[in-house]
Amino acid sequence: MSESEKWTIGRLLTWTTDYLKQHGADSPRLDAELLLAHALQCERIELYTAFGDECDDTARAAFRELVRQRATGVPVAYLVGTREFYSLSFEVTPDVLIPRPDTELMVVTVLDLVKQNPVQEGPAILDMGTGSGCLAITLAKQLPAARLTAVDLSPAALKVARRNADRHGVTERITWIESDLFANLDPQEKFDYIVCNPPYIAHWEKEQMARDVYAHEPDGALFAGPEGTEVIARLLTDAPAHLHSAHLHSGGQMLIEISPTIHDAVRQMAEADPRWHLFETHYDLGRRPRIVRVALR
């Protein structure tokens with residue numbers, strides 16, 4: 001085999017980038033680099049100093065299988081088994097939603113609120129629908145005095161979240177509850193903040209979504225119902241019983257991640273409930289409405 005025919009790192013990346021582009025990948029070069037680094041069991045940055053190195057047969061076979069699956073639409077995060085969120089690495093499986101950069105706005109917003117309204121004994125924070133645990137675990141890492149509770153309906157998701165908590169050394173600081181929203185929570189327990197990235201996609205939106213998402217990520221974490229607001233309506237109805245009063249405590253707030261398509265509907269629901277004070281919407285880096293924030297009156 002001539003030098004030009006050898007399957008070097010550079011040649012593999014070039015060929016795979018073109019191949020994945022033809023199969024509809026949004027970020028084919030990044031996908032190729034992540035998959036090859038995973039096959040080689042190295043950091044992605046190490047590829048840049050090894051473009052001329054030849055890839056051995058074992059790693060190339062593993063890479064070929066990863067690329068085959070990616071071309072069918074399997075998300076890269078599920079193939080490599082991890083996703084970064086707020087500079088932390090989280091295990092992800094098809095049992096949990098893949099963390100998105102937009103959700104990092106939730107962490108930033110809560111950290112700002114806690115800084116503005118310090119609680120002497122540390123804030124009590126509920127992560128409703130924890131999934132991979134990315135919100136609860138990141139907040140536990142960033143707020144050493146905080147007391148976290150993480151809730152999910154899926155026992156499989158809770159297992160993933162607990163493994164992630166073990167990875168980051170915060171398992172003992174988080175109370176884990178399997179529950180359909182507030183059903184299994186102690187009715188007497190109250191929190192300073194409730195954070196939630198709920199299912200908020202309407203069934204009719206499925207045909208507009210990327211196949212990578214709707215065909216592989218858990219339906220229960222994506223779809224709320226015909227309108228997309230069904231789960232959020234339940235949150236707005238039931239959360240007041242589990243929040244400290246904003247007048248008596250420094251928190252008493254709930255932050256809900258939303259889709260821009262339901263922004264107006266969610267704000268109208270909150271405004272119609274006299275128990276809630278509605279704040280200005282928080283917008284993500286793309287200037288899309290991303291977090292609706294309410295406080296218990």
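This is a predicted model: local features need pLDDT of at least 70, side-chain atom pairs count only at pLDDT 80 or more; totals for chains, interfaces and linings use all residues.
**Exercise 1. Determine how far strand β9 is enclosed, and identify its pairing partners.**

*Solution.* Step 1. In β9, 5 of the 5 residues are buried, so the strand is largely enclosed by the rest of the structure.

Step 1. Consider the directions of the side chains. In a regular strand, side chains alternate between the two faces of the sheet. Gln253, Leu255 and Glu257 point one way from β9, while Met254 and Ile256 point the other way, and all are buried.

Step 2. Turn to the pairing. With β6, β9 pairs in the parallel sense over 4 bridges; with β12, the pairing is antiparallel and runs over 5 bridges.

Step 3. Ile256 illustrates both pairings. Cys196 stands opposite Ile256, and in β12 the bridge partner of Ile256 is Val292.

**Exercise 2. Describe the largest nonpolar core and state which element gives the most to it.**

*Solution.* Step 1. In soluble globular proteins, nonpolar side chains tend to be buried together. The largest nonpolar core here has 36 residues, and those with the most contacts inside it are Met128, Phe182, Ile194 and Met254.

Step 1. Elements that each supply at least two residues of this core include β3 (124–128), β6 (193–196), β9 (253–257) and β12 (289–296). Helix α10 gives the most, with 4 residues.

Step 2. Examine Phe182. Leaving aside neighbours within four places in sequence, Phe182 is in contact with Leu126, Met128, Ile194, Leu235, Asp238, Ala239 and His242.

Step 3. A second, separate core has 31 residues, among them Ile125, Cys134, Leu143 and Ala150.

**Exercise 3. For the salt bridges Asp57–Arg60, Asp102–Arg288 and Arg234–Asp180, state where the partners lie in the chain.**

*Solution.* Step 1. Side chains of opposite charge can pair when their charged atoms come close. With a cut-off of 4 Å between nitrogen and carboxyl oxygen, the count comes to 14 salt bridges.

Step 1. Asp57 and Arg60 meet at 3.0 Å, N to O. Being 3 residues apart in helix α3, they are separated by about one helical turn. Asp57, at 57% relative accessibility, counts as exposed.

Step 2. Asp102 and Arg288 meet at 3.5 Å, N to O. This pair links distant parts of the chain, 186 residues apart: Asp102 is in the loop between β2 and α5, and Arg288 in the loop between β11 and β12. Asp102 is partly exposed, at 24% relative accessible area, and Arg288 is partly exposed at 37%.

Step 3. In the pair Arg234 and Asp180, the closest N and O atoms are 3.1 Å apart. Arg234 lies in helix α10 and Asp180 in the loop between β5 and β6, so the pair ties together parts 54 residues apart in sequence.

Step 4. Salt bridges that share partners join Asp102, Asp284, Arg288 and Arg290 into one network.

Key
Residues are numbered from 1 along each chain as its sequence is written. Side-chain values use heavy atoms; hydrogens and water are left out. A nonpolar core is a set of buried Ala, Val, Leu, Ile, Met, Phe, Trp, Tyr and Cys residues joined through side-chain atoms within 4.5 Å. Buried means under 20% relative accessible area, exposed over 50%, partly exposed in between (1.4 Å probe, protein chains only). Contact means heavy atoms within 4.5 Å. Two strands pair if DSSP finds at least two bridges between them. A salt bridge is a side-chain nitrogen of Lys or Arg within 4 Å of a carboxyl oxygen of Asp or Glu.
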